[in-house]
Amino acid sequence: MTKPLNPSRQSQVADNGEINLSEIIGTLWRGKLIILGAGLFGALFAIYYAFFVAVPVYTASTTVALESRQEQIVDIESVMTGLSGDQATINTEVEVLKSRELIGTLVDDLNLVADPEFNTELQPKPRFSIRGTLSWIIRTIRGGTVAAEEPDPVQVRDDVVTEVLGHLSMSNVRQSFVFTITATTEDRRKSALIANRLAELYIQDQIAVKFEKTERATEWLSGRVSELRIQLEEAETALKSFSSNTDLISPEGLFALNRQIKELRERRDELAKQVGEAEASVSTLKDNADAAFDQRAAVSNDPRLVALLSDVASGDADAQEQFDDRYQQILTRAQQEQLRAQQQLRIIETSITDLAGRIDRQSGELVRLQQFQREAEASRLIYEHFLGRLKETSVQQGIQQADSRLLSQAVVPQSPSAPRKARILVMCVFLGLVGGAGVVLAREAAQNTYRISDDLEKATSLPVIGQIPKIPARQRKNVLKYLSDKPSSAAAEAVRNLRTSVLLANLDNPPKVIMSTSSIPGEGKTTQSLAMAQNLAGLGKSVLLIEGDIRKRVFSEYFDIKTEKGLLAVLSGEVSLQDAVVWNDQLQAYVLIGERSKVNAADIFSSETFGRFLAEARAAFDYIIIDTPPVLAVPDARVIGGSVDAIMYAVKWDSTTRRQVSEGLRSFANVNVKVSGLVLTQIDKRGMKRYGYGDSYGSYSNYYHE
């Protein structure tokens, strides 16, 4: 047997995973009544809301133009106008228009706190509200001691400001310096009044801000000028005091002193050299004082001593004495020159030290003098600059200009801006249609049962050999009566179609033993067996209907049979087949009822006795119909199925799940039993129409008439 397809696959999805648009359109077309009903509901809701619920509101708009000027930092224009034309400034001004401070001024100016549209405290109290209920519960718990709280005026005003903000909108006209202020209220004049007044307050606020800035600038500049004047006076006084107490003549005199000290330092260097030479000469003369006459004469480099050498060499005592006296005179004179040079050097060094101290002192005084002069000059410049700014600011007081101007005032609207009835109607109808389509598609996507034979065949790969509608019989015993009394009814025609499909399934070996089963109880398999037996008997054939469900034994609900001998009695040999069968006039066929047994039913049907019984029945009757238990409940049907010629598998319309059908068919395939075909049973006409299949259900719709 071919393995059934996956029953969870939806018909809207093709085998390659792509969405089947034609199937979706077909699904929507079948659910057109639901979609149209949803659209009609949306239209009715729109009419009710737009004409009876929605409160008409009126919208008025005023426009304000921003006067763009480039900011001047060092000019009085920074006080007069401070707005540039960049996007950040425009966005800032939009936020200023939305500020709670400005809206609060509007609320106070127009006394909107006393307007019930904005003050919810003034609106009629609803009969039921969550807040009121909670307050009542609290008062009840506390014994009624909680008194109603008086509304806080500040909180009420804040709530009104918030409510007014909800009725206002501000926007910037793209690529321009124009702002649009829009007010929406329930009164046409109030809308125009609020929009115009907010624009006026916005412009007044700009002027007030600039006036306040000018006042603060004037006040600050006045204090600053006074401080700078005092600082200037102090700097000039310090300069004069220092100039009168210093001995500094001029920078030129300091330059002359520097030249003088340079000359003294050069003279000191010469004297230091002379002192060194004198000290060297004295030291040489002293060292050679006891030396020979010729050596002393050479050291002293004196001509007279050189002249006395000849006399001294001859041994003249007077000459020697003269030589010694002369050498001593030379030494004394050298010592005197040394002392004089040293004394001059000390004098020059003292002069240099004094002059250097004087220069250092006058240099420091010159630096301090220049510092005092610079401070006085800087104080004078700052004082003059701020004094000029103070005069400019004082002159500009009272002539401030706003950065915006009113471009056009709001006019009183003549018609409400909302509700837009046509738009609401179109939107609600559209949403209703979309919602209805969503319900249809969701219902189709969630479907886990079978409503049409095509889906059943696609899911199981088995043919649907019959489609039997629900038989309008309140009791089971009236089913055969209905089929007999109304042979042209849709149910009777459906049974004939089923009979034809079963008999023509195998022309070479027409089936004689036909089994009827299903997945679970309540799918109409017994009714299918009875209808099939009655229809075959109508062909003039001898038909035997066997109650194969010996566990539940439901034939007693269809037939009034008194005998107690049935299938088990025949199998046990207690009675013969001819004695056990009962003729039923309404069925026009023989009936063999089931009996209760302590032996397992599956074992009974698996026995050779049951096989011989079927062989005997084949010889005695033209057709044998066996009504078996559901295949998912007990294994009886699978056992009996191996001995029959054809199997009719009942599937209840829009009830049996895809999984149940798949499991039932798989149980037959596991024991190599082939199901001849499927029968879609208990089809509901109204349900078919409700799902959109009523007028397009193949052969079934052609015979669905009483």
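Mentor: Of the 706 residues in the protein, 40% are buried (under 20% relative accessible area; over 50% is exposed, and in between is partly exposed; 1.4 Å probe, protein chains only). The model is predicted, with local features requiring pLDDT of at least 70 and side-chain atom pairs pLDDT 80 or more, while totals for chains, interfaces and linings use all residues. Numbering starts from 1 along each chain as its sequence is written, and side-chain values use heavy atoms, leaving out hydrogens and water.

The protein has 25 helices and 12 strands, which are DSSP runs (helices H or I, at least four residues; strands E, at least two) numbered from the N terminus. Contacts are heavy atoms within 4.5 Å. Among those between residues at least 6 apart in sequence, 80% join residues at least 24 apart.

Thr517 counts as buried because its relative accessible area is 0%. Leaving aside residues up to four places away in sequence, Thr517 touches Lys525, Thr628, Pro629, Pro630, Val631, Ala637, Ile647, Met648, Tyr649, Ala650 and Phe668. One of these partners, Thr628, also makes a side-chain to side-chain polar contact with Thr517 at 3.4 Å. A polar contact here is a pair of N or O atoms within 3.5 Å; within protein, one must be able to donate a hydrogen and the other to accept it, and residues adjacent in sequence count only if both atoms are side-chain atoms.

Another of the touched residues, Lys525, is in helix H17, which covers residues 525-537. The 13 residues of H17 reach 18 Å from first C-alpha to last, close to the 18 Å expected at 1.5 Å a residue; the expected span is 1.5 Å times one less than the number of residues. H17 is mostly covered, with 12 of its 13 residues buried. Among the buried ones are Lys525, Thr526, Gln528 and Ser529.

Ile647, Met648, Tyr649 and Ala650, also among the contacts of Thr517, belong to strand E11, residues 646-652. E11 is mostly covered too: six of its seven residues are buried. E6 and E11 run parallel and are joined by five bridges (two strands pair if DSSP finds at least two bridges between them). In that pairing Thr517 stands opposite Tyr649. E11 also has five bridges to strand E12, residues 677-683, again parallel. There Met648 stands opposite Gly677. From E11 the chain crosses through helix H23 (658-670) to E12, a right-handed β-α-β crossover; right-handed means that, with the strands pointing away from the viewer, the path from the first strand over the helix to the second runs clockwise. Phe668, which Thr517 touches, falls within H23.

For contrast, another sheet in the chain is antiparallel. It is open and has four strands in the order E2-E3-E1-E4. E2 (168-172) and E4 (404-408) stand at its edges with a single partner strand each, so one side of each has no neighbour in the sheet. Neighbouring strands are turned by 25° against each other on average, direction ignored. Strand E1 (58-66) and E4 share four bridges, with Leu66 opposite Ser404. Helix H8 (188-245) packs on this sheet, touching E1, E2, E3 (178-185) and E4, and its direction makes about 20° with that of E1. Axes are lines fitted to C-alpha atoms, for helices over the stretch in contact, with angles from 0 to 180 degrees between N-to-C directions.

Lys210 lies in H8 and is buried, with a relative accessible area of 4%. The C-alpha atoms of Lys210 and Ala402 are separated by 7.9 Å, although the two residues are 192 apart along the chain.

One more buried residue is Tyr327, in helix H12 (317-396), with a relative accessible area of 3%. Its contacts, residues up to four places away aside, include Thr284, Leu285, Asn288 and Ala289. The backbone oxygen of Asn288 lies 3.4 Å from a polar atom of the Tyr327 side chain.
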